[in-house]
Amino acid sequence: MSEWELEDGLFEATIDRVIPSLDREKAFYTKVAGVSHPNDDGSSCARIIEECEIFECLNLIWQTENKFDPNAVAVRRVGTGEQLGYLEARLAAEVVRSLKTQGPCWTALFRHPTHHPETGQVVGAVLYMVRFSDVYLERKAAELSAKQPDLEK
């Protein structure tokens, strides 16, 4: 078994403990697109990716005003808002479709950076995408509702 296969097995075992398969409608690995381009603020996606940690939860932000793609979904760090890049167009369209019909039901977890084989420089990143099941979303909505203060008192 290769080092990557072993690491992927440990990663997926951790995911299974944290997000049981019954709570996942879909789950798969994907790459971040647009890493070679600087962000609007001039920051380097590769530098930001280098700072990410395994299992880091990332925000998926629909950029409705994006001039290149009305379904563009930026991948950003939760705490800082720094942008790693974008979801690939076909996946972004699926995420936006789900957002329009069901609200936020996707999450992305950082898996690892990808490196150029000759230079070793960061050239991308691999994410673990999860689309939560309707049962999970309903359960979480009920939990949140139960925690809300009773405003009628």
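**Exercise 1.** How far is the sulfur of cysteine 45 from the closest cysteine sulfur, and in which residue is that sulfur?

*Solution.* This is a predicted model. Start at the sulfur of cysteine 45. The closest cysteine sulfur belongs to cysteine 52, 10 Å away. A disulfide needs the two sulfur atoms within 2.5 Å. The distance of 10 Å is therefore too far for a bond.

**Exercise 2.** Work out whether cysteine 57 can bond to its closest cysteine sulfur, then give the number of disulfides.

*Solution.* Find the closest cysteine sulfur to that of cysteine 57. It sits in cysteine 52, at 11 Å. That is too far for a bond. Now take the count: the structure holds 0 disulfides.

**Exercise 3.** Classify cysteine 45, cysteine 57 and glutamine 63 by accessibility.

*Solution.* Use the cut-offs: buried is under 20% relative accessible area, exposed is over 50%, and partly exposed lies in between. Cysteine 45 has 2%, so cysteine 45 is buried. Cysteine 57 has 38%, so cysteine 57 is partly exposed. Glutamine 63 has 17%, so glutamine 63 counts as buried.

**Exercise 4.** Where is confidence lowest, and where is it highest?

*Solution.* Begin with the whole chain. Its average pLDDT is 92, and 97% of the residues score at least 70. Helix H4 (residues 134–147) is lowest, with a mean of 88. S3 is highest, at 98.

Conventions. Residues numbered from 1 in each chain as written. Predicted model: local features only at pLDDT ≥ 70, side-chain atom pairs only at ≥ 80, totals over all residues. Heavy atoms only, no water. Buried < 20%, exposed > 50% of the residue type's maximum accessible area, 1.4 Å probe, protein only. pLDDT = per-residue confidence, 0-100. Helix = DSSP H or I, 4+ residues; strand = E, 2+ residues; numbered from the N terminus.
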